[in-house]
Amino acid sequence: MTDINIDEFEKSDKLTVNAMPSKTWYWLGVNDASLSWDMASEKFLKTNEITINDKEKHEDIWLDLSDAEESFNKKEIKLITKEESTVTVIANYALLKNVRIIIDINAGVNSKVKLIQVLTAAENSIYNEVNASCEKNAEFELIQVFAGKKSDYSLDEAGKIYSNVKVELAGDASDFVYNMGYLGQGGNVLDYNIIVNHTGKNTNCNINASGALKDNATKIFRGTIDFKKGSSGSVGAETETVLMLGEDVVNKTVPVILCSEENVSGTHGATIGELDEETLFYFESRGIDKKNAENIMARAAIERLTGITENEKVNAVIDNTLKEVLGDD
Amino acid sequence: MEEKTYVDDIDRSIYDIKDVEDDDFRMQEGLTEEIIKKLSDEKDDPEWMREFRLNALKIYNEKKIPDWGPSIEGLDMDHIATYVRPKSNMENTWDNVPQDIKDTFERLGIPQAERKSLAGVGAQYDSELVYHNVKDEVAEQGVVYTDMESALKGEYADMVKEYFMKLVPPTDHKFAALHGAVWSGGSFVYVPKNTDVSIPLQSYFRLNAKGAGQFEHTLIIVDEGANLHFIEGCSAPKYNVANLHAGCVELYVKKNAKLRYSTIENWSKNMYNLNTKRALVEEGGAVEWVSGSFGSHVGYLYPMSVLKGDNSRMEFTGVTFAGNGQNLDTGAKVVHIGKNTSSYMNTRSISKSGGISTFRSSVVVQKSATGAKSAVSCESLMLDSESRSDTIPVMDIRTKDANIGHEAKIGSISDDAVFYLMSRGMSEEDARALIVSGFADNVSKELPLEYAVEMNNLIRLEMKGSIG
């Protein structure tokens, strides 16, 4: 399943993606996103179909795009986790050409799915779509790293990452935890959309995103928590922290809560700004000037995820990614 | 089995009394160039206003109906009379106002409020003002408070022409264009430099006619260093056909001036309330919005503040109550342009009996707005699962030198809060009653006492057992 607008897809070379379920004023430019895509030259890469059987515990399935070509690519991954199974899937998509990734996940009863994605972009566009459906007591944890590298080319060719995550908490007591760290530099565009539909009773979601923007990077975050009728006892929380470090950065944050059920609790919070005076003073008192302090905090926005992955190999990938995009800064 | 706490619907008894319709003139229904020309003739418009209306009609016909908010498919402009003139001239003493109209405003408490606590009152009935008066001592300060038609043609004509629909142009959206074409009534206020109007001015809008629209225009200019509190109220009896309110409020707050604009909106449940309010704030100036939304079938209401001058600020405090048959889409917008500007929004909403309440906001901080600070806090209380409550806030920040925070909560009454109060000796019933009644006090505490009492009377609570 995909959220791409197929009719538009077939007619033009622009994709409309990341649509919000509840629109707002058009002049804000957040209802959806549009990216250039050459449909005619898209190459279909091998589909990965992964099934984890009942009670199986499977660690570290690594996915990559080594068969991707220079132009536009499409990759599909289908993951089914059956009752009481456990799996961690890691996807490292580093500095590739244009690629569209569609991941469909069906998390069975009492299963645990962890998906870790590291997406980096330099002079290319990535569209990443994750669609997950969780049955009773299933737990889905998604960790995403978006790292943009400064482009040596024009603004139009700066790396762009678009991500659309849609999670259906259909089963009672199912759970979704999302942690995301991002770094935008140069003319990077980081545009992501999270939709969590609480349908079952006593479902839980926790969305936690933080990142840093340098130079003239643009970031748009849309997070929708939707408590459908019947989802009583459910809890949803989303927070975003944005560190603005560049003179020409653009940040848009849209934390949405939709609610048709009385007995739920939904909260959201967002904090946007540059390094505060106290933090700067702390660094300076230790001989670290403002520029270096900002670089340290920019790295930290992604490095914090290494404390969550519980996976040394993934942490090594994250460290390498940071070295790649930040150089020796 | 526990009984749920029962929260009454808004008590509308005095608002739903209908006067017999005995109009001096009622425009035919619909919206055509001929109707606009006839309206302009009836109002004896200056030529520029006539052209303005016709141009606005053109824009209206070109613009699309918004698709991002509540449906307004029940609104058919072919069945709305855009101008209804009562059998009354504008008077400056209540004794001269026709008895039935006077009785209506008496029931609503307007003359009493004027005597007790207001510096001036404008009372509009259907499409025209029937009463307008300002206290001598306020007029002697140089404060101008008059009806828009007089201002348009009299000694303030040049000022009105300079400002009229410049802040909210007809191109803004479809119902701003409609307003530009068919506006009638409303008030013009000018407060001279360094003048402190210590007692509020009030306008009250009553729409009695069935299947009609009210399109009053309020234009307020608070000059440098001056201070004003303006209160507006509105109501209409309920009919089984649609009524429309597409008013427009334009506020100019000059350097170091302060304007508080308070509204208690209590339109009937057949009303489509598509109102536009906007303030432009200059250096050091401040605008404070206090907004209680209790009526209407469908409401679109987002007072907007443009913080153009350095060190200008905005505060918005609002409460919305959406009951059975209501879909109220309310919130606020702010644009930070000057340096060191600040904005603060604090809103509450209650949804019950199938009501739909949406909080919608935008905070835009432009690149020039270094040192900007903004905080938005919205809380929504759902009282049953037939209702709906949505929050759709947007922040668009284009300078790193800004400090922006946002928080929102949706849910039912907190068990922790109830436990805390019970641990202090309160019964569970009393604890829940206190929490719910206090939920809306962000607005009531900002209003003059008489209006706070009226607002609290609009939400009458009957507590039985516990909620949830």
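Mentor: Rolling a probe the size of a water molecule over the atoms shows where empty space is left. Here, the largest cavity holds about 130 Å³ of space; a cavity is a set of points, on a 1 Å grid over the protein atoms alone, where a 1.4 Å probe fits but cannot get out. Its volume is the space filled by probe spheres set on the points, which are joined across faces, edges and corners. This is a predicted model, in which local features need pLDDT of at least 70 and side-chain atom pairs count only at pLDDT 80 or more, while totals for chains, interfaces and linings use all residues. Residues are numbered from 1 along each chain as its sequence is written, chains are lettered from A and ligands numbered from 1 in the order in which they are written, and side-chain values use heavy atoms, without hydrogens and water.

Trainee: How does the lining of the largest cavity divide by class?

Mentor: There are 5 nonpolar, 11 polar and 2 charged residues. Ala, Val, Leu, Ile, Met, Phe, Trp, Tyr, Cys and Pro count as nonpolar, Asp, Glu, Lys and Arg as charged, and the others, Gly among them, as polar.

Trainee: What is the volume of the second largest cavity?

Mentor: About 60 Å³. Its lining has 4 nonpolar, 4 polar and 4 charged residues, including B:Glu216 and B:His245.

Definitions and conventions:
On a 1 Å grid over the protein atoms alone, a cavity is a set of points where a 1.4 Å probe fits but cannot get out, and a pocket is an open set with protein on both sides within 12 Å along at least five of seven lines; lining residues have an atom within 4 Å of a point.
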